[in-house]
Structure formats: structure tokens, C-alpha cells
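Subject: A structure for you to look at

Hello,

Here is the structure I promised to pass on. Please open it first, then read my notes below with the model beside you.

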Amino acid sequence: MVNAEKFIEEAIVEIKREVGTQRAIIALSGGVDSSVCATLAYQALGDRLYPVYVDTGLMREGETETIQKAFRYMPLTVIDAKARFINALQGVLDPEDKRKAVGETFIRVFEDVARQKQVSYLVQGTIYPDIIESEGEIKSHHNVGGLPSEMEFNGVVEPLKYLYKDEVRQLARALKLPPEVSERMPFPGPGLAVRIIGEVTEEKLRVVGEANAIVEQEILSYNPWQTFAALLEKGTGVKGDVRVHGWIIAVRAVQSRDGMTASVLELPYDVLRKIASRITSELSDVARVVYDITPKPPATIEFE
Ligand code: XMP
């Protein structure tokens, strides 16, 4: 992509041409790809675009509010599907099974809305690396090829499919999307489900979500490519004078170009100490905090 303004103009013309006078739907995830895509499609189609945000309960704290604020000028439909996702994840332990459970539930929820809205086109924020990765089947990324062969659309519109992430960010800035969107870290489709070892429960989601907010507050100013909290198992600790069996939180902060390889961010020790102290004091049921010092490979960036 040479010129963001030119790309935007041409993409809008192309979306208008493909969708014609029909209606289209797009799933907004809060990520930069779907946000840019929705903005382009909205400029092309106006109120014939139905942007939908599915609240899976697997997102970061405050995500739903950020999206509602950033897209308040669009007719955004927010669907509270938290209960459906937690039910689908009950008893699911294997990482790939979790991805499948999240992906399938997402499709089912999305199908219901698409049917209600009587849309004929699907707009998707697929980018070039998504296509490459899903061909390699490294992990079953649910934002690719995921949307539903059973769903009957006249067509799928993917305006970003030849772009890389940094180009999409360039578009986001040119479209004047807020920095929380344009500079947002990558976030996995299955969300916090791959940042919780083993079964996903409401308690674990609450703990990892709160720990993650602290990690972001303390680490974002060091410009990591990605940083987050993950929840491991329970371990023994001592709080006050009492031995407790509390959660173990792992902190991850990495540098990377494209997520294929990653190195660990060498944070000042003071920062790590402060994070451990804040998480264990602000979250009564966390007994221990560890910093993951493993590059990718051999570790992956996510824990599952
Ligand atoms: P890993 O953990 O494979 O992550 O080193 C590489 C990059 O991909 C993201 N990731 C995912 N994204 N669905 C997604 O949409 C997934 O299932 C998934 N798993 C990992 C991860 O956050 C990192 O940016």
C-alpha cells in the first residue's frame, strides 16, 4: 500500500460496487482490523451496514465500553452472549478444543443476528497474515475461514486481505480512529480463553481480567508488542499470617514484528516488583506472580 488516502478512496468505491444496494453485516471485535474495515464499509454503505459486537465475556476489562464509544455514530448492535460462551467452555480443557468451542459459539450467535437483519453480504477484516497462518494451520484462528460455510451470503467482502498489520494501522490513523483502536495490541480471537490454563470459569475470567488491567497500566508505556496477564494454577502463599491457596498469575511482555517469533521484553526490575506487589495486594485471591522469560520459539506468545 503506497498511499492511505488513495487506498481508502478505492476501497470505498469497491465496497459500494460489490454490495450494490444490498445490506451487509460486520462483526466488530475491537481490534484494529475489524474497526478499519467497519469504518470503510460504513463510509461506503451508511445505514445499510449492520455492525455487530458480540460480548463473549472473554474480552479485556472495559472492551465493550471502548467499542461502544468509538463507534457510537454507527447503528451498532451489542449482543450479550457471555452465558452462551461460558456454557460452551464448560469442562473443555484442551487448548484447540477451547478455540473450537469459542469459534463455533461465535458463529452460532452471529448467524442468529445475520438472519434477523436479513443481510446479503458479509464484510470481514481478514488481513494477509491471517490467510498465510490459516493455510499453515498453526492454530485454528477463528477469524479466518471460520465464518460459516453454512451461512448463506451473496458474497464476502474483504477489503484488507492484501495488507499487513502496520498498513492497517496506517489506515486507522488516516481514518482518525482513536489511538485505543489504531495502536491497540493484537488480541487473540478466543480472547482470555487462551490466557487461562485449563477450564474457563467465571471466577478465573474475573481474576485474569483484573490482573491484566494492572499489567497493562504498568507495562504499556514500555511499548511492548504484546503484554498481558495469564492465569495458571493455584499455589500456596501466605497473606497476613495465614497460609492461603491462591491463583498464580503469569505476566507476559514481548517484542515481535509479526507474532511469528518473539523476544521477552527486559523490563526494569522495579516494574516487575511493583506489578507483583500490586496484583497480590489488590487481588485477594492471587498468591503468586511470575514473569515469563521464554522467547518464541520455543514458547508461544499465548499460554494455550
Ligand atoms: P502464539 O501464541 O501462537 O501467538 O505465539 C501469535 C499471535 O497470534 C495471536 N493468537 C491468536 N489470534 N486466534 C487469534 O485470532 C487464536 O486462536 C490465536 N492464538 C494466538 C497471539 O495473540 C499473538 O499475537
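**What turned up**

Proline 298 sits in the segment after β9. Keep in mind that the model is predicted. Proline 297 belongs to the segment after β9 as well. A cis peptide bond joins proline 297 to proline 298, with omega about 10°. The bond from lysine 296 to proline 297 is also cis. There, omega is near -15°.

Lysine 176 counts as exposed because its relative accessibility is 71%, and the cut-off for exposed is over 50%.

Now go to asparagine 223, in the loop between α9 and β6 (226-239). Asparagine 223 is not a glycine, yet its phi is positive, at about 50°. Its relative accessibility is 61%, so asparagine 223 counts as exposed.

**Domains and core**

The domain assignment gives domain 1 (4-182) and domain 2 (201-291). Their centres, taken over C-alpha atoms, are 29 Å apart. The contact takes 7 residues from domain 1 and 9 residues from domain 2.

How many residues has the largest nonpolar core? The count is 88. Ile25, Val36, Leu40, Leu160 and Ile279 have the most contacts inside it. Helix α2 (residues 32-45) gives the largest share of this core, 9 residues. Domain 1 and domain 2 each supply at least three residues to this core.

Leaving out residues up to four places away in sequence, leucine 40 touches Ile8, Ala11, Ile12, Ile15, Pro159, Leu160 and Leu175. Another core, of 6 residues, lies apart from the largest one. Among its members are Phe228, Val254, Ala262 and Ile301.

A search of the whole structure finds 1 cavity of 30 Å³ or more. About 50 Å³ of space lies in the largest cavity. Which residues line the largest cavity? They are Arg60, Arg184, Met185, Pro186, Phe187, Arg195, Glu216, Gln226 and Thr227. By class, that lining has 3 nonpolar, 2 polar and 4 charged residues.

Next comes the second largest pocket, with a volume of about 430 Å³. Its lining has 23 residues, and the closest to its centre are Arg60, Glu180, Arg184, Glu216 and Leu220. The elements that give two or more residues to this lining are α3 (63-70), α8 (179-182) and α9 (202-219). The lining of the second largest pocket divides into 9 nonpolar, 7 polar and 7 charged residues. It draws at least three residues from each of domain 1 and domain 2.

**One last residue**

Find glutamate 18 in helix α1 (residues 4-19). Is glutamate 18 buried, exposed or partly exposed? Its relative accessible area is 28%, so glutamate 18 is partly exposed. Setting aside neighbours within four places in sequence, glutamate 18 is in contact with Tyr121, Val156 and Val157. Glutamate 304 is 286 residues away along the chain, and 38 Å separate the two C-alpha atoms.

Best wishes

Note on methods
Residues numbered from 1 in each chain as written. Predicted model: local features only at pLDDT ≥ 70, side-chain atom pairs only at ≥ 80, totals over all residues. Heavy atoms only, no water. Core = buried A, V, L, I, M, F, W, Y, C linked by side-chain atoms within 4.5 Å. Buried < 20%, exposed > 50% of the residue type's maximum accessible area, 1.4 Å probe, protein only. Helix = DSSP H or I, 4+ residues; strand = E, 2+ residues; numbered from the N terminus. Domains from an automatic or database assignment. Contact = heavy atoms within 4.5 Å. 1 Å grid on protein atoms, 1.4 Å probe; cavity = no way out; pocket = protein on both sides within 12 Å on 5 of 7 lines; lining within 4 Å. Points joined across faces, edges and corners; volume = space filled by probe spheres on them. Nonpolar A, V, L, I, M, F, W, Y, C, P; charged D, E, K, R; others polar.
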